[in-house]
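Here are a few friendly notes to read with the structure open beside you. Take them one point at a time.

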Amino acid sequence: MNLLETTIANLDRASDIPLYSVALKTIPAHYVISVRGIIETPDKEAELWERLAQERKRQKIQFANPAWNIAVFHDEGFQERDLDVEIQQAVIGKCCDTDIMKYKKVEEITAATLTFKGRYALLPQANHFNICHISPRMEQSEDEMVTEVCFPVGPI
């Protein structure tokens with residue numbers, strides 16, 4: 001079974017995930033700044049966001065609207081430790097690559113998305129990329145975070 005089939009098969013099972021909505025959406029092509037790295041556990045993702053924030057401030061980069069705060073998980077299948085994660089934010093204008101941050105175009109993608117409110121610990125075990133609408137950087141209370149888990153339905 002692929003990720004989308006597994007998720008659909010498990011939707012009717014008891015879950016700790018709070019109320020959520022599922023939609024099929026197209027995310028348009030956009031330019032991003034990104035940082036990619038290996039993080040020990042999912043809760044360490046903030047370290048990558050901090051690195052990106054420092055580079056963004058140094059270059060005085062302006063966010064696009066929406067900023068598309070996206071975390072891409074590059075590992076094949078579910079992993080609990082040593083995750084290969086790339087975080088991205090959409091930007092306006094051109095930027096310079098650095099040793100830490102890359103500037104690139106992300107092509108349009110269609111994805112089945114699951115949006116929910118709550119702690120990251122409640123995220124489904126297998127996912128491909130997340131859009132963080134209200135992240136730990138914006139909100140101290142984990143219960144107030146809002147994340148959209150995206151399962152691509154076409155080639156990336």
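What percentage of the 156 residues of the protein count as buried?

1. The answer is 41% of the 156 residues. Please keep in mind that this is a predicted model. As for the surface, the protein exposes about 9,300 Å², and carbon and sulfur atoms supply 51% of that area.

2. If you take the contacts between residues at least 6 apart in sequence, 73% of them join residues at least 24 apart.

3. Now look for Ile33, which is part of strand β2 (residues 30-39). Ile33 counts as buried because its relative accessibility is 0%, and the cut-off for buried is under 20%. Beyond its neighbours within four places in sequence, its contacts include Leu52, Ile61, Ile87, Val91 and Met101. Asp97 is 64 residues away from Ile33 in sequence, yet their C-alpha atoms are 8.5 Å apart.

4. Ile33 also belongs to the largest nonpolar core, which has 17 residues; together with Leu52, Val85 and Ile87, Ile33 touches the most other members. Two or more residues come from each of β2, α2 (45-59), β4 (70-73) and β5 (83-92), with β5 giving the largest share, four residues. In soluble globular proteins, nonpolar side chains tend to be buried together.

5. Leaving out residues up to four places away in sequence, Val85 touches Val35, Leu48, Ala71 and Phe73, among others. Finally, find the second, separate core: it has ten residues, including Ile70, Ala90, Ala111 and Phe129.

How values were computed. Residues numbered from 1 in each chain as written. Predicted model: local features only at pLDDT ≥ 70, side-chain atom pairs only at ≥ 80, totals over all residues. Heavy atoms only, no water. Buried < 20%, exposed > 50% of the residue type's maximum accessible area, 1.4 Å probe, protein only. Contact = heavy atoms within 4.5 Å. Areas by Shrake-Rupley, 256 points an atom, 1.4 Å probe, with all protein chains shown as cover. Core = buried A, V, L, I, M, F, W, Y, C linked by side-chain atoms within 4.5 Å.
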